[in-house]
Amino acid sequence: MVKLLSVGLLLVAFSAPILAVDYEDHDGMLMDHGDGHLMDMAGGMVMGQNTSTLPGGCDSISETKEITVHAGHKYAEKFPGRMYAFDTQEFNFKPCTKLTVHFINEDHVRHQWMMHGLPKYLYPKGMFHLEASGPAKISGTLILPPGDKTYLVHCDIAQHMEKGMKAQLKVGKGDGDLPSIPGVTAPVVADDYKATLPELAVKAQLDAKVDEAAAIKAAAVAKQAAADKKAGVVAQPAAPADDSLFSGTTIIGLAIGLIIAPFLARKFKGMSVAEVVAYCFELLSQGISYTVKLLSGLLSLFSKKNNVLPSK
Ligand SMILES: [Cu+2]
């Protein structure tokens, strides 16, 4: 028991430094590369920094604002199916605001706070962008343009936006909402959490059975084709698959069905299932015998013609 206790104490002692996330502050050691591009050797980066140049249409800075945005896996836990998120999904500022963003990455992976759609004469590629690899804090400043516009803010690391790290920043009234902002707007492709696990398992099993049946059929067709080839039968080119919902044949079939349905309904009234089936077979046999008669009639016509020809 004492042994167990001491092992437990040791575990706690060793895990303490891991549990306490140490944020690296990049702000003090950034190197200015010009054009608002600041970087350090530890994976911190600011792009599109602008602390003084007014965007066209702004006579002066309307407001000076400072926000702190946290990014991490734990902020996605309240959004079903999401993996990463910011702690805030929607921002709103007056046009021409001088905005300083303190971006805190709480994960041990790289995250960004990347804003798109800014005027390109002022922000390279129309972007303002904060980035930190691992737990770190990094800050940057920009001056927002005039006018009502909604800007996309996201993390551009592959799949991080799709996994939830997406927000919108409205300047003025904005110009609408962006889709798939966790907790703010409806997703473009909604996940389905209504089906229970047993239901999903049954569906998967059914799908597997259908696949199996299709595979067996394909194997049989291939075997037949191989046999035909061996026997010297020239394979007919397969008819192109008709993908359209209403092919010509379907429409003709539907039309015939619609025309004869009332007659058949009247005919079948009061008949048992066995009688209906018997009637159908009778119709079919009548049809076949009629076709045979027609063909033999045609054949005899030809043979008579041949008889007329003078014999040598
Ligand atoms: Cu990210």
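Leaving aside neighbours within four places in sequence, which residues is Val 153 in contact with? In this model, Val 153 is in contact with Trp 113, Met 114, Met 115, Ala 167, Gln 168 and Leu 169, where two residues are in contact if their C-beta atoms, placed from the backbone, lie within 7 Å. The model is a predicted one, in which local features need pLDDT of at least 70 and side-chain atom pairs count only at pLDDT 80 or more, while totals for chains, interfaces and linings use all residues. Residues are numbered from 1 along each chain as its sequence is written.

A look at confidence comes first. The predictor's confidence in each residue is given as pLDDT, from 0 to 100. Its mean over the chain is 82, with 79% of the residues at 70 or more. Over residues 237-241, however, pLDDT stays under 50, and the model has zero contacts beyond four places in sequence for this stretch.

Among contacts with a separation of 6 or more, 67% link residues 24 or more positions apart.

Next come the sheets. Strands of a sheet pair through backbone hydrogen bonds, either parallel or antiparallel. Two strands are said to pair if DSSP finds at least two bridges between them. Towards E6, strand E5 is antiparallel, with two bridges. Ala 71 stands opposite Asn 105 in E8 and opposite Phe 86 in E6.

Another open sheet, also of mixed pairing, has eight strands in the order E2-E3-E4-E10-E9-E12-E13-E7. Its edge strands, E2 (31-32) and E7 (90-93), each pair on one side only. Strand E3 (residues 38-39) runs antiparallel to E4 over two bridges, and Met 39 has Met 45 as its bridge partner in E4. Two bridges also join E9 to E12, again antiparallel, and here Met 115 stands opposite Val 153. Six bridges hold the antiparallel pair E12 and E13, where Thr 150 stands opposite Lys 170.

Finally, the interior can be described. Of the 312 residues, 18% count as buried; a residue is buried if 20 or more other C-beta atoms lie within 10 Å of its own, exposed if 12 or fewer, and partly exposed in between, with C-beta atoms placed from the backbone. A nonpolar core is a set of buried Ala, Val, Leu, Ile, Met, Phe, Trp, Tyr and Cys residues joined through C-beta atoms within 7 Å. The largest such core has 34 residues, and those with the most contacts inside it are Ala 71, Phe 103, Trp 113, Met 115 and Val 153. Strands that each supply at least two residues of this core include E8 (97-105), E9 (110-115) and E12 (149-154).

Note on methods:
Helix = DSSP H or I, 4+ residues; strand = E, 2+ residues; numbered from the N terminus.
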